[in-house]
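Student: Can you walk me through this one? I'd like the metal sites, the fold and the core.
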Amino acid sequence: MCAEECWLITSEPDRVNAAVARMRQAGLRTTTARRAVLDLLAQAVVSRGHLTPAQLHHALLARGLTVELSTVHRVLRQLVDLGIAHTVPVGRTVTFGLADDPHHHAVCRQCGDMRQLPADAVAASLTAARALGIDPDTPGQPTGVVVYGDCATCRQVGH
Ligand SMILES: [Zn+2]
Ligand SMILES: [Zn+2]
């Protein structure tokens with residue numbers, strides 16, 4: 001499934017450890033909730049890439065962790081503030097993914113399925129934006145380029 005793009009991707013524990021180190025630098029303790037959210041986001045990298053707060057909450061409960069949805073939101077906000085995670089809006093909800101390797105997104109607007117676009121695939125768009133005075137590299141903001149469309153499955157089903 002990942003022939004060309006795998007060189008970008010470091011292993012799941014490496015990603016989590018790097019994120020934990022960054023949190024510690026920022027003075028945040030590694031709570032169970034923070035650690036579990038990071039684990040889930042690192043696991044998601046090889047599938048959808050991003051998860052919604054509701055999906056994360058559900059997965060945490062399935063792991064036997066009793067956390068409030070508001071805690072999940074708070075942890076995600078902290079990760080975004082530190083630049084560890086970034087967001088992509090899909091429909092009315094916002095999805096979260098690890099931001100440790102530079103990438104952009106192609107999203108199915110119907111089912112929310114997502115693929116990562118390598119940074120160099122959209123470099124020209126970002127350069128053009130910068131030339132127009134829009135800085136696409138603002139940390140903590142919804143990232144870069146999002147291409148919305150319809151995935152193969154949704155196209156087959158019809159709308
Ligand atoms: Zn992403
Ligand atoms: Zn779809």
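**Hairpin, metals and core**

Tutor: Start with the pairing of strand β1 (residues 85-90) and strand β2 (residues 93-98), which is antiparallel and has 6 bridges. Keep in mind that the model is predicted.

Student: Which residue in β2 does Pro89 stand opposite?

Tutor: Val94.

Student: How many residues sit between β1 and β2 in the hairpin?

Tutor: There are 2 residues between them. Gly91 is in the turn, with a positive phi of about 60°.

Student: Switching to metals. What are the protein donors of the zinc ion (ligand 2)?

Tutor: Four SG atoms, from Cys108, Cys111, Cys151 and Cys154. They lie 2.3 Å from the zinc ion (ligand 2).

Student: And is that site tetrahedral or irregular?

Tutor: Tetrahedral, with angles of 106 to 114° among the 4 donor atoms. Along the chain the donors of this zinc ion (ligand 2) are spaced C-x2-C-x39-C-x2-C. Cys108 and Cys151 link distant parts of the chain, 43 residues apart. Cys108 is in strand β3 (residues 103-108), while Cys151 is in the loop between β5 (146-149) and α6 (152-157).

Student: Why does Cys151 count as buried?

Tutor: Because its relative accessible area is 16%, and buried means under 20%. Cys108 also counts as buried, at 2% relative accessibility.

Student: OK, the other zinc. What coordinates the zinc ion (ligand 1)?

Tutor: Histidines: His50, His86, His103 and His105, each through NE2. The distances are 2.0 to 2.1 Å.

Student: Why is the arrangement around the zinc ion (ligand 1) irregular?

Tutor: Because the 4 donor atoms subtend angles of 93 to 154°.

Student: What spacing do the donors of the zinc ion (ligand 1) follow?

Tutor: H-x35-H-x16-H-x1-H. His50 lies in the loop between α2 (32-44) and α3 (53-62), and His103 lies in strand β3, so this pair ties together parts 53 residues apart in sequence. His50 counts as buried at 2% relative accessibility. His103 counts as buried too, at 5%.

Student: What about His104, buried or exposed?

Tutor: Buried, with a relative accessible area of 8%. His104 is found in strand β3. Its side chain reaches the backbone nitrogen of Val145 at 2.9 Å. Leaving out residues up to four places away in sequence, His104 touches Arg115, Gln116, Leu117, Ala119, Val122, Leu126, Gly144 and Val145.

Student: Now the core. Which residues of the largest nonpolar core touch the most other members?

Tutor: Leu38, Leu41, Leu60 and Leu79, out of 28 residues in that core. The elements giving two or more residues to it are α1 (12-25), α2, α3, α4 (69-81) and β2. The largest share, 8 residues, comes from α2.

Student: What does Leu38 touch?

Tutor: Val16, Ala19, Val20, Met23, Leu79, Ile84 and Leu98, with residues up to four places away in sequence not counted.

Student: Last bit, the overall layout. How many helices and strands does the chain have?

Tutor: The chain has 6 helices and 5 strands. From the N terminus the order is α-α-α-α-β-β-β-β-α-β-α.

Student: And what percentage of the residues is buried?

Tutor: Buried residues make up 38% of the 159 residues in the chain. For contacts with a separation of 6 or more, 52% are between residues 24 or more positions apart.

Notes. Residues numbered from 1 in each chain as written. Chains lettered and ligands numbered in written order. Predicted model: local features only at pLDDT ≥ 70, side-chain atom pairs only at ≥ 80, totals over all residues. Heavy atoms only, no water. Donors = N, O, S within 2.8 Å, 3.2 Å for Na, K, Ca; no water. Tetrahedral: all angles 85-135°; square planar, octahedral: opposite > 155°, others 65-115°. Helix = DSSP H or I, 4+ residues; strand = E, 2+ residues; numbered from the N terminus. Buried < 20%, exposed > 50% of the residue type's maximum accessible area, 1.4 Å probe, protein only. Pairing = 2+ DSSP bridges. Core = buried A, V, L, I, M, F, W, Y, C linked by side-chain atoms within 4.5 Å. Contact = heavy atoms within 4.5 Å. Polar contact = N/O pair within 3.5 Å; in protein donor to acceptor, adjacent residues only side chain to side chain.
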